[in-house]
Amino acid sequence: MAIARGAVSVPIADVFNALRGRGDPTFIAIVRDLRLPRVILGALVGAGLGASGAALQGALRNPLAEPYLLGVSGGAAVGAVIAFALGATGEGVITVAAFAGGISAVFVALAVSRVGGRGARGDMRTLLIAGVIVGAFANAAIMVALARAEPNTLRGALWWMMGSAADATWERVMWLAASNLVAGGALVYWAREIDVLSLGEDTAASLGVDSERSGRRVFLLAALLAAATVSAAGLIGFIGLVVPHIARRLGLRAHRPLIVAAALVGATLVVAADLAARTVAPPTELPLGAITALLGVPFFLVQLRRTA
Amino acid sequence: MDGVSFTVPRGQLTALAGPNGSGKSSIVRALLRRADIVGGAVKVDERDVTTFSYAELARLVAVVPQREEAAFPTRVREYVALGRYPHLGLWRAPAEDDARAVDQALAQAGVDDLAERNTDELSGGEWQRVRIARALAQTTPALVLDEPTTFLDVAHEMAIFELLSSLANSGLAVLLVSHQLNLVARFANTIVLLDEGKVASSGSPADVMKAEKLEAIYRWPVVVTRDPAVGAPALVPLRRPLNLFDQSTPTSSTRDKP
């Protein structure tokens, strides 16, 4: 269905034909070159963010943790904005710059957290604060860069930051699929450790899990997933935060099934959001990040009601 | 810590007591390798703990920390089953003896009727007993508990002490950190009394429960008598009323009663 709808509507029957390379050449072009990679990219973005969020919430023992808390989003945005400002907007350059920025931010956050020393008031909390520091610095850097930018650069950078699956190329899809497989697979592999981590650092130690090492591992894998999604589609907010809660509502507790379920729910949600972005006000497209940000409102309302 | 040295032998219940801040919990954290050891060592079966892998150590010693809050609610049975993690690792599916260990742990801690409840629905005392069950499910030859009976009423507290005593008798090495000097005096084979990071006194309850020593350590007037039930040494704190309007302080009597 997601493939069928859009600025140009393709009847469902024709979608299947087009996938097989038969029928109207325009439809084939639309389905194969535009819609299919876009939908798959959206699904991969949702899956990566959902899995990352689920793993982080467990490891950080915090239901409000989400992939962008680690400074990843800020760092990736800095990378992208710098690329835009330098006029280096060639195919793949922004993606690489954003990924490099995101990963650098994570390592800076790890280094900053070491300033607190081992066991400084809980390693997880230190990591969180370090991520916030890096994110704050990145935001400042972005504001400075944008303030001095040309109008075209400004527009391009802002559009990128609002998130979109529109520039879906098969290269990007492959890139995201590979990183999801590697980082997501590793998280699923170590999922039981996250079950133990979520009990607290002393209890985890009693059960034989070094929470500092294990926590950093989850942190890095989740950050990798997040950085890859940001580099491929810009900033898509709230998916990493909301999706794990939906998955938990389905009754899942152990992190192995939970992370997989979060990936599936995330994929569905982003594909649906991208469909809305394309079809709500045709032929203009709303930024995907705007649609997902709207998710945040009902989510927090529900959380508020629960705590009250 | 300053020159603290003691052994926790198998088949015995060893208690670690002392005022707040004397270092009892620090020792537990050092065992968990969550506190840096600058001098000396914590050894399990003559081997330094730092030479074990975390998983190996978890199969030898189960620890119930003083505080624990579950971030996400789970079913009690699933929570206790996590106690099998040191044996199962990342991928092994639980087998019959794992299920049996969980069932036995639930029964021993007296929480089998809570097995299907959610951890966020438990009272403080129920949660404390469930945490003990998790450690029991680890089926280790040594057990360390840090203030395990804080929220328990007299029946549940006695039940836990009886449980620890019978576990020690069956061959486990049990280390109990507890404020409850009177219960400790009744059940423990050895008491190690800490004061400001040093061992103030250690030995059998009769040796350690001496009024002058306890008064000096706890800085509160006490009398040590024998309880009427089993004749174990019993600590009775005396009153020292606050005189908000009078400068003089009442004197205390410090005598060991036979």
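## Helix 11 of chain A

In helix 11 of chain A (residues 239-249), the buried residues are A:Ile239, A:Gly240, A:Leu241, A:Val242, A:Val243, A:Pro244 and A:Ala247. A residue is called buried if 20 or more other C-beta atoms lie within 10 Å of its own, exposed if 12 or fewer, and partly exposed in between, with C-beta atoms placed from the backbone. Helices are DSSP runs of H or I with at least four residues, strands are runs of E with at least two, and both are numbered from the N terminus. After helix 11 of chain A comes A:Gly251, which has a positive phi near 100°.

## Model and numbering

This is a predicted model, in which local features need pLDDT of at least 70, side-chain atom pairs count only at pLDDT 80 or more, and totals for chains, interfaces and linings use all residues. Residues are numbered from 1 along each chain as its sequence is written, while chains are lettered from A and ligands numbered from 1 in the order in which they are written.

For the complex, the predictor gives an ipTM of 0.86 and a pTM of 0.86. Chain B has a mean pLDDT of 89, and 95% of its residues reach 70 or more; pLDDT is the predictor's confidence in each residue, from 0 to 100. In residues 251-255 of chain B the pLDDT is below 50, and this stretch has eleven contacts in the model beyond near neighbours in sequence. Two residues are in contact if their C-beta atoms, placed from the backbone, lie within 7 Å. Where pLDDT is low, the predicted coordinates should not be read in detail.

## Fold of chain A

Chain A has 13 helices and zero strands. Of its 308 residues, 53% are buried. When contacts in chain A between residues at least 6 apart in sequence are taken, 75% of them join residues at least 24 apart.

A:Ala276 belongs to helix 12 (residues 255-279) of chain A. This residue counts as partly exposed because it has 17 C-beta neighbours inside 10 Å. Between the C-alpha atoms of A:Ala276 and A:Leu64, which are 212 residues apart along the chain, the separation is 26 Å.

## Helix 3 against helix 10 in chain A

The axes of helix 3 (residues 72-85) and helix 10 (residues 211-233) of chain A come within 10 Å and cross at roughly 35°. Axes are lines fitted to C-alpha atoms, for helices over the stretch in contact, and angles run from 0 to 180 degrees between N-to-C directions. The crossing of helix 3 of chain A with helix 10 of chain A is right-handed, meaning that the near helix is turned clockwise from the far one by less than a right angle.

From helix 3 of chain A, A:Val72, A:Ser73 and A:Ala76 take part in the contact, and they meet A:Ala223, A:Ala226, A:Ala227, A:Val230 and A:Ser231 of helix 10 of chain A. Six residues of this contact are nonpolar, two are polar and none is charged. In this scheme Ala, Val, Leu, Ile, Met, Phe, Trp, Tyr, Cys and Pro count as nonpolar, Asp, Glu, Lys and Arg as charged, and the others, Gly among them, as polar.

## Interface between chains A and B

Between the chains, 22 residues of chain A are in contact with 21 residues of chain B. On the side of chain A that touches chain B, helix 8 (191-197) and helix 9 (201-206) of chain A are the elements that give two or more residues. Helix 9 of chain A supplies the largest share, five residues. By class, this side of chain A has seven nonpolar, seven polar and eight charged residues.

## Domains of chain B

Chain B is divided into domain 1 (12-201) and domain 2 (209-258), with bounds that come from an automatic or database domain assignment. Taken over C-alpha atoms, the centres of the two domains of chain B are 31 Å apart.

Ten residues of domain 1 of chain B are in contact with nine residues of domain 2 of chain B. Helix 8 (181-187), strand 7 (190-195) and strand 8 (198-203) of chain B each give two or more residues to the domain 1 side. Helix 8 of chain B gives the most, with four residues. The domain 1 side has five nonpolar, three polar and two charged residues.

## Positive phi in chain B

Most residues other than glycine have a negative phi. B:Asp45 has a positive phi, near 55°, and lies in the loop between strand 2 (43-44) and strand 3 (47-48) of chain B. B:Asp45 counts as exposed because it has 11 C-beta neighbours inside 10 Å.

B:Glu196 also has a positive phi, near 50°. B:Glu196 is placed in the loop between strand 7 and strand 8 of chain B, and with 13 C-beta neighbours inside 10 Å it counts as partly exposed.
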